Amino acid sequence: MTVRLEVVAAEAWADRVADELIARVHERPSLRLCLPTGDTPSTLFSRLVARSAAGEVSFAGVTIVLLDEFLGLAAGDPARCDVRLNRELLADLAPAPAAIHTIDADAFHPEAAARAHDAVAAKGLDLALLGLGMNGHVGLNEPGSGPDSPTRVVGTAAATQEAALGRYGAGRSPVMGITLGMDRLLAAGEVWLLVTGSRKADILARALNGPEGDDCPASFLRRHPRLWLVADEGAAARL
Ligand code: PGA
């Protein structure tokens, strides 16, 4: 196992991740970057906006590839991943990134939208930032997803629907979604698993120290040769 584990105080967590990401963009201005949405990366995104505005970094050469998306929510629904990414990061980034690949949540044929997004990811991801679901999911690779799971249309788990309704303000329960597959995430040059808050302590301990298994898809990330697990003290409490 080659996990690089770093535990950071909650108030320093977002800046620590931002420091590292800014360093990657400086090293490789044309970085191909997979981004998640959700509550975890919100503070990171606000730091990136501030530091871009301060002239510390430019994303002008960066290609952004969205990790996942809900289906069946109205355009503009605050829980939609494209809406959230735009609201929390892209709308305030100047100059804009070179390319932004969201997922067509309104496609008449969601399978075709999944295939199109997979083709984007197949060109390679230098770095994939991921959050950890309360049920061990990564993206919408819900429990039951193995390490070879492809990019696809999925049914969402109950815990995922609860998060969308309760925390993200979805107008209705998103029972379906599209996610990059575990295969594409494990093929990224680097993977960062971002985990904050004491409510994630049990599932993080399960993902890191329990057996690898599809009951907790995040456990498969341990196979990645360059995994950085950056947690705050609350999330790391049971490690
Ligand atoms: P959260 O979601 O950051 O809102 O906790 C993480 C996830 O479900 O992947």
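Predicted model: local features only at pLDDT ≥ 70, side-chain atom pairs only at ≥ 80, totals over all residues.

Trainee: How many residues of the lining of the largest cavity are nonpolar, polar or charged?

Mentor: The lining has seven nonpolar residues, no polar ones and one charged residue; Arg counts as charged, whereas Leu and Ala count as nonpolar.

Trainee: Why is histidine 117 called buried?

Mentor: Buried means under 20% relative accessible area, and histidine 117 has a relative accessible area of 2%, so the term applies. This residue is found in helix α4 (residues 110-122), and, leaving aside its neighbours within four places in sequence, histidine 117 is in contact with Val65, Leu66, His101, Thr102, Ile103 and Leu180, where contact requires heavy atoms within 4.5 Å.

Trainee: What makes β2 and β3 a pair, and in which sense do they run?

Mentor: Pairing requires at least two bridges between the strands, and strand β2 (residues 32-35) is joined to strand β3 (residues 63-66) by four bridges in the parallel sense. Arginine 32, for instance, has threonine 63 in β3 as its bridge partner.

Trainee: In what order do the seven strands of the open sheet stand, and why are β1 and β5 placed at the edges?

Mentor: The order is β1-β10-β9-β6-β2-β3-β5, with parallel pairing. Strands β1 (3-8) and β5 (99-101) each have a single partner strand, so one side of each is left without a neighbour in the sheet. On average, neighbouring strands of this sheet are turned by 15° against each other, direction ignored.

Trainee: Which elements cover the buried residues of α2?

Mentor: The buried residues of helix α2 (residues 40-53) include Phe45, Leu48 and Val49, and among the elements covering them are α1 (10-27), β2, α3 (81-88), β6 (127-131) and β9 (190-195). Just after α2, glycine 55 takes a positive phi of about 85°.

Trainee: How do you know that the peptide bond from alanine 94 to proline 95 is cis?

Mentor: That bond has omega near -5° and is cis, while most peptide bonds are trans. Proline 95 lies in the loop between α3 and β5.

Technical notes: Residues numbered from 1 in each chain as written. Heavy atoms only, no water. Helix = DSSP H or I, 4+ residues; strand = E, 2+ residues; numbered from the N terminus. Buried < 20%, exposed > 50% of the residue type's maximum accessible area, 1.4 Å probe, protein only. Axes fitted to C-alpha atoms, helices over the stretch in contact; angles between N-to-C directions.
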